Amino acid sequence: MKNLKRLLYLKFARSMNKNNSSSVPVPTIISESTRVNGDIISNTVLHIDGHVVGDISCDELIIGLKGVVEGSVTAKNLQLHGTLNGRVAADTVFIARTAKLIGDATHVSIAIEPGAFIDGRCMRVGEPIHAEGAKPDLMITDASKNKKKA
């Protein structure tokens, strides 16, 4: 049933793409039984359920539950449900509870579900985000500097 839904979606997306050149492009799908050795460069959505050994650069990357990527990833958006062994540089990163990230991630925003496995560092880039109404000079930055006075 899942394969049928995917097939219908792809046929629908292709027909819409023929009728309207500005429509959403059809995603590139690397299926579970596919192994790719080499770099992938794309300006659209890439969905990986198979195994990729190489660097990936794309607009949006979705690594499915059974997907495995061994290499660096550069993307605007990353959704990780499977395994990624390598560095990540993305604007938006979502790491699901089923995910395994081995490597460092550089991001503007990140969401990590409880249960996700991460062995590496998550480093935020860009301007710091302050809570609405909070004053930056009152933010606690180091617990040892803010000891209670008796």
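H107 is buried at 5% relative accessibility, where buried means under 20% relative accessible area, exposed over 50% and partly exposed in between (1.4 Å probe, protein chains only). The residue sits in strand 12, one of the DSSP runs used here (strands are E, at least two residues; helices are H or I, at least four residues; both are numbered from the N terminus). This is a predicted model, so local features need pLDDT of at least 70, side-chain atom pairs count only at pLDDT 80 or more, and totals for chains, interfaces and linings use all residues. Residues are numbered from 1 along each chain as its sequence is written, and side-chain values use heavy atoms, with hydrogens and water left out.

**Overall picture and confidence**

- The chain's secondary structure comes to one helix and 14 strands.
- Of the 150 residues in the chain, 29% are buried.
- Among contacts (heavy atoms within 4.5 Å) with a separation of 6 or more, residues 24 or more positions apart account for 2%.
- Mean pLDDT, the predictor's confidence in each residue from 0 to 100, is 81 for the chain, and 68% of the residues reach 70 or more.
- Where pLDDT is low, predicted coordinates should not be read in detail.

**Parallel strands around strand 10**

- Strands count as paired if DSSP finds at least two bridges between them.
- Strand 8 (residues 73–80) and strand 10 (residues 88–95) run parallel and are joined by seven bridges.
- T74 has A89 of strand 10 as its bridge partner.
- On to strand 12 (residues 105–112), strand 10 again runs parallel and is joined by seven bridges.
- I95 is partnered by I112 in strand 12.
- Back at H107, the contacts are A90, D91, V93, C122, M123, R124 and V125, once neighbours within four places in sequence are set aside.

**The nonpolar core**

- A nonpolar core here is a set of buried Ala, Val, Leu, Ile, Met, Phe, Trp, Tyr and Cys residues joined through side-chain atoms within 4.5 Å.
- The largest one has 22 residues, of which I56, L61 and L84 touch the most other members.
- Strand 4 (45–48), strand 6 (56–63), strand 8 and strand 10 each supply at least two residues of this core.
- Not counting residues up to four places away in sequence, L61 touches L46, I48, I56, V73, A75, N77, L78 and Q79.
- In soluble globular proteins, nonpolar side chains tend to be buried together.

**Salt bridges**

- The whole structure has four salt bridges, each a side-chain nitrogen of Lys or Arg within 4 Å of a carboxyl oxygen of Asp or Glu.
- E32 and K66 meet through their side chains at 3.5 Å, N to O. E32 lies in the loop between strand 1 (28–30) and strand 2 (35–37), and K66 in the loop between strand 6 and strand 7 (68–70), so this pair ties together parts that are 34 residues apart in sequence. Both residues are exposed.
- D59 and K76 form another salt bridge, with their closest N and O atoms 3.4 Å apart. This pair links distant parts of the chain, with D59 in strand 6 and K76 in strand 8, 17 residues apart. D59 is partly exposed, at 27% relative accessibility.
- D104 and R87 also pair, with closest N and O atoms 3.6 Å apart. Here too distant parts are linked: D104 is in the loop between strand 11 (100–102) and strand 12, R87 is in the loop between strand 9 (83–85) and strand 10, and they are 17 residues apart.
- In that pair, D104 is buried, with a relative accessible area of 14%, whereas R87 is exposed at 52%.
- R87 and D104 belong, together with R121, to a network of salt bridges.

**Cysteines**

- There are zero disulfides in the structure (pairs of cysteine sulfur atoms within 2.5 Å).
- C58 is buried, at 8% relative accessible area, while C122 is partly exposed at 34% relative accessibility.

**The loop at R97**

- R97 is located in the loop between strand 10 and strand 11, and R97 is exposed at 58% relative accessibility.
- Its C-alpha atom is separated by 7.3 Å from that of H81, 16 residues apart along the chain.
- R97 is in contact with E113, P114, G115 and A116, leaving aside neighbours within four places in sequence.
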